[in-house]
Amino acid sequence: MPTLRINGQSHLIDAPDDMPLLWALRDMVGLTGTKFGCGIAQCGACTVHLDGKAVRSCLLPIGSIGNQAITTIEAIGDTATGAKVQKAWLDIEVVQCGYCQSGQIMAATALLNATPKPDDNDIDAAMAGNICRCGTYVRIRQAIKNAAVSA
Amino acid sequence: MTMLAPIAPSLSRRGFLTAGAALGGGLLMGFRIDVAQAAVPSALPSALPPGVPPVPNGYSINPNAFVAIAPDGKVTFQIPQEEMGQGVYTSLSQLIADDLDVALDRVTPVPAPPVEALYGSPGSGRMGTGGSRSVRSFYTVLRVVGASARAMLVQAAADRWQVDPKTLRTDNGEVIDDANGGRRLSYGELAQAASALPVPTDVVLKADKDLKLIGKPVHRLDTPAKVNGTAQYGIDVRLPGLRIATLAASPVVGGKVAHVDDGEFKKLPGLQLVVLDDIVAVVGPHFWAAKTGLDALDITWDGGPDGKIDSPQLWQALRETSAKPGALGTNKGDTTKAEGDRLDVAYELPFLSHAPMEPQNFTVHVKDGGCEMWGGSQVQAAAWNAAAKVLGIKPEKVVFHNYMLGGGFGRRLDVDMVTKAVRIAQKVDGPVKVVWTREEDITQDVYRPAYRNVMSATLKDGKVTGWSHRIAAGSVAVRMSGKPLDGGLDRGALEGATENNYGVPNFHVEFIEAKPRAINVGYWRGVAPNNNVFASESLMDELALKAGQDPVAFRLAHLSSTPRLKAAVERVAKEANWGSPLPSRVGRGICAQFAFGTFIATIAEAEVDTSGHVRVRRMTSVIDAGRVVNPDGMLAQVQGGLIFGLTAALYGEITIKDGRVEQRNFNDYRMMRINEAPSIDVYMIENTEAPGGIGEPGVTAAAPSLVNAIAAATGVRLRRLPIDRDKLAERKTASL
Amino acid sequence: MKRLLLAVLAVIVIAGAGLGVWLVAIPGPTAFAKGATVALADYRAANPTGVPTELASADLVARGEYLTHAADCFACHTAKGGKAYAGGLAFNLPGMGTLYSTNITPDRATGIGNYTDQQFIDAVRRGVRADGQHLYPAMSYAAYTYMTDTDALAIKAYLFSLPPVAAPAVDNKMAFPFNQRWLMAFWNAAYNANAVYRPNPSQSPEWNRGAYLAEALGHCGECHTPRNPAFALDNRDKFAGTITAGWRAYNITPDPTSGLGAWSDTDLATYLSTGHAEGHGGAAGPMGEASDNSLSYLTQPDIHALMVYLRSIPATSGGLPQVTLAPAPASYRQGVTPDANPRGAAIFASACASCHSWTGVSSLSKYATLTGDRAINDPSAMNVAQAVIHGVQRKIDGKAVFMPSFGAAYSNDEIAAVANYVTARFGAEGAALKASDVAKLKDQSE
Ligand code: FES
Ligand code: FES
């Protein structure tokens, strides 16, 4: 029954250690912004940050997280990079159905934290794990570049 | 902005729709609609601007059903269409807001209740979002609604001020009396009085030059909630006491549960096992518990007669059927008398799964002789009725809270996710959210039919003189209605095949139903044109080659009777630098298409390396969709549609073994990813022709242009999808 | 001229005989050990056969269950997705044909429900089925022959306690002459010792137990020992590693570089009982199955006995280097970069990096860490490619451990590219697989 640090708050999770974080977030804590898409680390819809790094919560056992800080889409706007990315997304209307976009934004924010001025290769390497069934890739790429040059 | 928290109007026992009550507490000046009298005032303009589609005779528009204005001037828009990513919340709100004369940010769309008498489409009378039809169907209706409401508000002001309404004007939510010092009344102040006025029987739509929103790129209303995680999809439903279930339905269509061994399952605490005829579900406190429980069961299925069907058998059956004559779709001249060199070909397309990013789910609470349910559907009324039917109750006893869709693509035109959830919920005390795994979502889909096209064409002096096309496929119409086809013809399967864009003098199209065993077919983004445009534009390319002509020039020479398509082809050739030199093993291919009321010409540029690997370098489309409501939204739809179509062309195929779908998740049902996506340029041709659909044209244009590009790059003509990379690699050994 | 012909013929005959001797004179599986063996009945130190002491007083069926797991009957007699022990698993023998395992549930019509004790023993230990026909040595009777009749009958008792499953045999598809079962009699004469395990008193009781587990029950050599041209295990290279069904079975001799010599006891014991050891990676494919269906059921003393025995095998060097490597850099731009193999890197980014990370140390699961994995350090990338093709479906400590399979949706060329990329980035040496190699691997493993 681990205690998790989610968006700056502690939550005691009454579930077995091997339960993936995704379900703790969605079904227990009530943070439904993190999405379920595949459950096998193939789509990226469930991406959250663990100490600032993008991870797939659908396969991350809650027992292995310890004291690392979990950040979800609901709080990423409180970070400077996250806010920048969200704004870039809004400015050029990246979103279609939107279901993949929490994960896309989390992945893009982690990319910009690690690589503030990413080129196309960097974007490919960081974002290829995130599927968008609506096919918003052209705009995702553009929005990341816009976010990178915005102050 | 949290406008997308679900707010679902409910239908009370007496059949009154009370928007105000449903929106939570009388803040709104609610319009009350008596459903029984829905077909009341019809407000139709006597004259329509050019290109604004007429509304069918007898269709009545009741503005009160669509618009509610609160005292603070906020406009609630009961939107009949579903938001599934195509931007319809925004474009339909633009239509209302422009003629109502309010800024877009004052409008909040909320899902309309499932009352087809009020919200059915003017064409079919049904509620449903699909076929790239939302704007086409509701363009005039919603402008009339806005204009009628505006006229009523103006009348209310005129009554209040005792002036002639003709002397008043409106601006962004206010009625202004210029003749009297510019005094103003806000819509919020006028709404109550306006609601009591009769609906005008004649309204005037804004002239094109006065439009402030329609045709202008606007920010989407649903985006803010979708970038900060607050947008709520069906899968996000949370309720007090909610339990979560996941299920396994018979992996063979028509199969049954034979035996469930629950030895291991029983060791797990806090779970409920639900075993139905053809479904096993586990209910638990959260999804993980339910899934762990389901995995612990050892289920034996009785596959029944289809339990031995494999894909090769299905293809053989389709090929046999396609050799027989079909029902006539269209005919002109006499193809048997057409002169010239003849080309006989067949094109084949596989079954496809929808795989929307949001796996299927529905939340249902069966209680007190009724039921309340939450979820996203492309067919609100059908979902509502289906739930009632399962329970054997009147639809009025079902309260349906409709949600945004994490992708539809036609999957949510079916209601099996609703009926399965209701059946499970019948066994559960309290509300239960039934969430499908991705594996269940892919293996229990209703699949885009497999097609075989038997075609032949004749060519004389560089012109196509004869064209015959037999489409063989399972009929989605039959599968969904359960009724046989009238005269053997599925009219829905003809779009994109029968238009004869190229003005061929002898032209014949027929359809033959080839119902596949062991698989249910359904509508898939792009519907029939997925097949028909692929077949037609592949054949056109082959004919150009046979005639020794450039594929663009060849098409242009045949497009004199279809000038809008011709203009699109000319423009796209220019934008894509058609004819400019390319490196070896890189080719361009064109697709000229008229479908969904929209003209689109597309050029793909693709590279095929010596191992057969295809890299799509660039896609260029020129689209003429007539009157466009949100140009940026249209560009987005074409961009996304092209990716959707390319994904299918490159990777998409559902196969069957032992009656079971073999693909299960994104590891074996592959999606195009950002590092494979081409650069995409979309250009629009602006005009005031009737609006065309935009959700699907990009999808159906992708495969033919890509396959034609591959032919140009390699000389290999692929007549089957998905693209066979091994075949392209073989060519390398043969010719290089 | 005639004399010349005769001379040539003589050379051929003599060479043939020499080859024959080489082919047949294969030492027994435990012949490497010093000291003479004795009949089981004459060995007093301990009983190396049967079940561990914990189960000594258990009923026959429970004892049989343990032994059935130890002998891993499940692996071959259960088809993928099929009912346990109902047979139907295909064995593709390139050049010979396809064999299907049979139903060993107690179904009378289609299984072994009518087998008498003696018929069962004959099948398990001699490779002769109830109707007198010879089994193919795909059935490991040449190993099971070392089992005692008592143990064989305990297995029978367990199998007979299971629900019968009606599953008719699938017809084998063997080409001539391999479809001539009677030929197996010659093979048996040469290669089936047809004798119960003989303990070696100069070795410890634990060693003897380990030998019984490895040779009579676990039949480790069937995969880990190379075969001679007659498809018999060549114990001269015992446990030196070879390729079985398109997967590499590693060198499990104590050689410090190519084998297990450098593994700590803890790592080796953990690997044997769970199919995974941190820093060494995890079992997949056939070894993954052996782990899940067999080794994971063994008691700790039995695991230890097995380890003692493995440690005593003569070390054979050669084969794959085992290197301990540091994780790759966190950025794809550092370390082995995509330049040399952009396609492999692109697929890794799409389908693999989410779980395996650019460092090779998974952020999600220790079971997905690539760094240090033997497969990753194998420059043939054989098992890497197989894992990509087939995925991994395992259970470790009762929990599912899995990797999705990519063989259906990715081209052979793509699978080769990604296998080459990951071995280069995370392993000792990059592989150079081609699409055609992947095609062959698929053929061998399907
Ligand atoms: S749900 Fe986690 S990667 Fe798809
Ligand atoms: S926006 Fe719909 S899946 Fe990405």
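This section describes the domains of chain B, the interfaces of chain B with chains A and C, and several local backbone features in a predicted model.

On the side of domain 1 of chain B, 35% of the area buried against domain 3 comes from Gly51(B), Ser132(B) and Arg136(B), more than from any other three residues.

Polar interactions also occur between these two domains. One salt bridge is found across the interface of domain 1 and domain 3 of chain B, together with eleven residue pairs in polar contact.

The interface of chain B with chain A is considered next. The size of an interface is often given as the accessible area lost when the parts come together. For chain B and chain A this buried area is about 4500 Å², with 60% of it on carbon and sulfur atoms. The contact involves 60 residues of chain B and 50 residues of chain A. Trp288(B), Met357(B) and Ile674(B) contribute 19% of the area that chain B buries against chain A, more than any other three residues. Three salt bridges are found across the interface of chain B and chain A. Asp236(B) forms a salt bridge with Lys35(A), in which the closest N and O atoms are 2.5 Å apart. Several elements of chain B give two or more residues to the side that touches chain A, among them helix H8 (287–296), strand E19 (432–435) and helix H17 (631–651). H17(B) provides the largest share of this side, nine residues. By class, the side of chain B that touches chain A holds 30 nonpolar, 19 polar and eleven charged residues.

Chain B also meets chain C, with 14 residues from chain C and eleven residues from chain B taking part in the contact. The area buried between chain C and chain B is about 1100 Å², and 39% of it lies on carbon and sulfur atoms. Within chain C, the residues that lose the most area to chain B are Arg343(C), Ser350(C) and Ala409(C), which together give 38% of what that side buries. The interface of chain C and chain B contains three salt bridges and twelve residue pairs in polar contact. Glu414(C) and Arg725(B) meet through their side chains in a salt bridge of 2.9 Å, N to O. On the side of chain C that touches chain B, helix H13 (342–356) and helix H15 (412–426) each supply at least two residues. The most is given by H13(C), with four residues. Seven nonpolar, three polar and four charged residues form the side of chain C that touches chain B.

Local features were identified in loops of all three chains. Leu721(B) and Pro722(B) are joined by a cis peptide bond with omega of about 0 degrees, and Pro722(B) is placed in the loop between helix H18 (697–714) and helix H19 (725–735) of chain B. A cis peptide bond also joins Phe176(C) and Pro177(C), with omega of about 5 degrees. Asn7(A), although not a glycine, has a positive phi of about 50 degrees; Asn7(A) counts as partly exposed because its relative accessibility is 26%. Asp72(C) likewise has a positive phi of about 50 degrees, but Asp72(C) is buried, with a relative accessible area of 8%.

Note on methods:
Residues numbered from 1 in each chain as written. Chains lettered and ligands numbered in written order. Predicted model: local features only at pLDDT ≥ 70, side-chain atom pairs only at ≥ 80, totals over all residues. Heavy atoms only, no water. Buried area = accessible area lost by both parts, 1.4 Å probe. Salt bridge = Lys/Arg side-chain N within 4 Å of Asp/Glu carboxyl O. Polar contact = N/O pair within 3.5 Å; in protein donor to acceptor, adjacent residues only side chain to side chain. Contact = heavy atoms within 4.5 Å. Nonpolar A, V, L, I, M, F, W, Y, C, P; charged D, E, K, R; others polar. Buried < 20%, exposed > 50% of the residue type's maximum accessible area, 1.4 Å probe, protein only.
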